[in-house]
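Colleague: Could you walk me through this one? I'd like to start with the sheet and then move on to the packing.

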Amino acid sequence: MSVFKGYTPGEPSMRLYVKNLAKNVTEKDLEYIFGRYVDWSSDIQVQAFDIRVMQSGRLRGQAFIGLPSEQVACQARQDVNGYELQGKPLVVSFARTTKARETDGPIV
């Protein structure tokens, strides 16, 4: 069951998109939650682990989490979606990739 209407997990990838964060959630809070999906003895996995918390502008209350593999990201999304952090349920989906815009013709 999803936390919000219209929720879709998206296409699996190594990056997760987290929304509905409380104002005072920090990278440390998310590192504590998502860090358990990282093998800290592996330099490759540690380098792949990345957290970006958006604290201003229109992306406020959202974060992007980079994990070591698609399989790990799938498990993390399944486990953490709906987890209540500081009184708000987290909404976790796979981050969409940015696609280059197509133009109708050459720019003159």
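Modeller: A word on terms to begin with: two strands pair if DSSP finds at least two bridges between them, and strands (E, at least two residues) and helices (H or I, at least four) are DSSP runs numbered from the N terminus. This is a predicted model, where local features need pLDDT of at least 70, side-chain atom pairs count only at pLDDT 80 or more, and totals for chains, interfaces and linings use all residues. Residues are numbered from 1 along each chain as its sequence is written, and side-chain values use heavy atoms, with hydrogens and water left out.

Colleague: What's the strand order in the open sheet?

Modeller: The order of the 4 strands is β2-β3-β1-β6, with antiparallel pairing. Because β2 and β6 are at the edges and have a single partner strand each, one side of each has no neighbour in the sheet. From one strand to the next, the twist averages 20 degrees.

Colleague: Switching to the core, which residues touch the most other members?

Modeller: In the largest nonpolar core, which has 24 residues, they are L16, L30, F34, I65 and L67; such a core is a set of buried Ala, Val, Leu, Ile, Met, Phe, Trp, Tyr and Cys residues joined through side-chain atoms within 4.5 Å. Two or more residues come from each of β1, α1 (27-34), β2, β3, α3 (70-80) and β6 (91-94), and α3 gives the most, with 4 residues.

Colleague: What does F34 touch?

Modeller: Leaving aside residues up to four places away in sequence, F34 touches L16, V18, F49, I65, L67, A76 and V80, where contact means heavy atoms within 4.5 Å.

Notes. Buried means under 20% relative accessible area, exposed over 50%, partly exposed in between (1.4 Å probe, protein chains only). Axes are lines fitted to C-alpha atoms, for helices over the stretch in contact, and angles run from 0 to 180 degrees between N-to-C directions.
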